Structure formats: C-alpha cells, structure tokens
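User: I would like to learn how to read a fold from its contacts. Can we take one feature at a time?

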Amino acid sequence: MRILVSNDDGISAVGIAVLEEIAKQFADDVYVVAPLTNMSAAGHSLTLKSPLRLLERDSRHFAVDGTPTDSVVMALRHVMPERPDFVLSGVNADSNLADDITYSGTVAAAMEASLFGIPAIALSQKISKDGSINWDIAREYAPVVLKMVMNNFKFGRGVLLNVNFPSGDTGSVKGIKITTQGTRAIDDHVIQSTDPRGDPYFWIGPAEYRNKEDHNDLSIDLGAVHNGYVSITPLSLNMTAVSQLRALEELFT
Ligand code: MN
C-alpha cells in the first residue's frame, strides 16, 4: 500500500505529523508532500503565474512553495514514482464543516486527488473552546475510519470523504455519524483597525455560526461534530444542482 499525505497547514504542522503516523499503520510506503507555509483557506487554487520550488527534506518528505493543490499535483506528477493507492489530507487544525468546505485547502487537496481518480480523504480535528487541540481524538478514530473505508468502501467517480473529529477529552467521542454537508448561514465579520502609520486596515475576522438548527441535527456534519460524534460526509466534485435542472429547462425550452 502506498499513501500520499498532504495538508493545507503546511509541512511543519503538528497535524500532518499525526496523519503520517496514522498512514504508516496502513502503508509501508508513505510520501509527505505539502505546502511550505500555512495555506489554510487557499481553497482549490492552483499557482499559474509564478514558478514552484520543490524542497526535498528527505526521500519521503517534500515541501512545495505553493498551495495544497499545487502540492498534490507535484506529488502525483513529479515526486512519486508510482501512483498512491490513497491520498490523505490533514489532519487539519480545526474542523472543515458546512460552507467552510468551499474555502478549505484541506478538502481541496483531497479534491485534487479525486480529479486524478485516486481515493481521497480529508481529515480535520476540531479545536477545543480553550484553543487547544486534542490530537489523540484523531489518533484514535482516524485509524478506525480508514480501516473500514480502505477495506470496504468503493469510491465513486469524483467522490471524496470529508472526515471531522470532535473536540473533547480522549474517550469522550460518542461514535461515528454519516452526514450531509450543513449550512453555515453567516456573514464573515470584517474587522477594521489602524496600522502604526495611521492607515486603516481590514481583517476578515472569526466567523460565528447562526444556523443553530444544523447544530442539533446529527445527520448534518455541524450537528454530529458539535454533539461529540466523528462526522463522515461523502462529497461530490460534480456541483450540478440536480434539483434545479428541471426548472431551468422549462424556462429555456
Ligand atoms: Mn488549515
């Protein structure tokens, strides 16, 4: 078994070392190819207007001075001599739920692998209220999820899995829920302040979830993680809104 590990928090992040450890429980051939710096919220962006540099740390660890998507492309097209059987992205420091999936570089790295036809899983660990991260939750539950998926799940075309681990004490996880993507329903806060030269600057600030309904529904990613369950959501790269096709067709025929 051959596994590629990537992320968006950067090659020096704690979470990617956690995921490498986990990957090695399943594969004897593990490559780590990831952004040189933290590229969180890079989404599925690809660097086209500047060159990419590849920094080889050793024969299995490579940093790319680009995005998560760049890293996966470099891994699959240049670094790895053979195709991996799985691509794992993460473990991200904090969850990737609901609409935040569209910003997520963690999910995007898995999306890119999926475009290459390789089964891919994004993994994220929710941060506790005090700002700490209990990686032991991911350490305990990622192998459970991966074992089941690797042995028994056939990835459909353009399908990837988005896995989120709840925060909390080790041993407090209530179980695993298969979920749908929720709705965040929020405006990002833009915070204005003044720099040392007196000029205004702006910072996109912390988001607040207003959609409390999704927080109580265990069949939705937000609700499952909020209530202490591991959430697994199958995501599709095909973004066609099938439910609206008919209405549009009727308008234009
Ligand atoms: Mn991140």
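Analyst: We start with polar contacts. A polar contact is a pair of N or O atoms within 3.5 Å; within protein, one must be able to donate a hydrogen and the other to accept it, and residues adjacent in sequence count only if both atoms are side-chain atoms. Here the side chain of Thr106 makes such a contact with the side chain of Asn92, at 3.1 Å. The side chains of Thr106 and Asp8 are joined by another, of 3.2 Å. A word on the source: this is a predicted model, where local features need pLDDT of at least 70, side-chain atom pairs count only at pLDDT 80 or more, and totals for chains, interfaces and linings use all residues. Residues are numbered from 1 along each chain as its sequence is written, and side-chain values use heavy atoms, with hydrogens and water left out.

User: Is Thr106 buried or exposed?

Analyst: Thr106 has 0%, so it is buried. Thr106 is found in helix α3, residues 105–115. Helices (H or I, at least four residues) and strands (E, at least two) are DSSP runs, numbered from the N terminus.

User: Which residues coordinate the manganese ion?

Analyst: Look for donors, meaning N, O and S atoms within 2.8 Å of the metal (3.2 Å for Na, K and Ca); water is not among the atoms, so sites may look incomplete. The manganese ion is held by Asp8 (OD), Asp9 (OD), Ser40 (OG) and Asn92 (OD1), at 2.1 to 2.2 Å. The donor spacing in sequence is D-D-x30-S-x51-N.

User: How accessible are Ser40 and Asn92?

Analyst: Ser40 has a relative accessible area of 39%, so it is partly exposed. Asn92 has 7%, so it counts as buried.

User: How do I read the sheet?

Analyst: Strands of a sheet pair through backbone hydrogen bonds, either parallel or antiparallel. The criterion is that two strands pair if DSSP finds at least two bridges between them. In this model nine strands form an open sheet with mixed pairing, in the order β3-β4-β2-β1-β5-β6-β7-β11-β8. β3 and β8 (175–178) are at the edges with a single partner strand each, so one side of each has no neighbour in the sheet. On average, neighbouring strands are turned by 20° against each other, direction ignored. β3 pairs with strand β4 (residues 61–64) in the antiparallel sense, over four bridges.

User: Where do the helices pack?

Analyst: Contact means heavy atoms within 4.5 Å. For directions, axes are lines fitted to C-alpha atoms, for helices over the stretch in contact, and angles run from 0 to 180 degrees between N-to-C directions. α3 lies across β5, β6, β7 and β11, and runs at about 170° to β6. As for α2, nine of its twelve residues are buried, so the rest of the structure largely encloses this helix. Among them are Val72, Met74 and Leu76. The buried residues of α2 pack against β1, β2, β3, β4 and α3.

User: Which residues touch the most other members of the largest nonpolar core?

Analyst: In soluble globular proteins, nonpolar side chains tend to be buried together. A nonpolar core is a set of buried Ala, Val, Leu, Ile, Met, Phe, Trp, Tyr and Cys residues joined through side-chain atoms within 4.5 Å. The largest one has 34 residues, and Ile3, Val5, Leu88, Ile121, Leu123, Val163 and Phe165 touch the most other members. Its largest share, nine residues, comes from α4. A second, separate core of 23 residues includes Leu4, Leu76, Ala122 and Leu235.

User: What does Ser231 contact?

Analyst: Ser231 lies in strand β11. At 0% relative accessibility, Ser231 counts as buried. Beyond four places in sequence, its contacts include Asn162, Val163, Lys177 and Asp221. The side chains of Ser231 and Thr179 make a polar contact of 2.7 Å.

Conventions:
Buried < 20%, exposed > 50% of the residue type's maximum accessible area, 1.4 Å probe, protein only.
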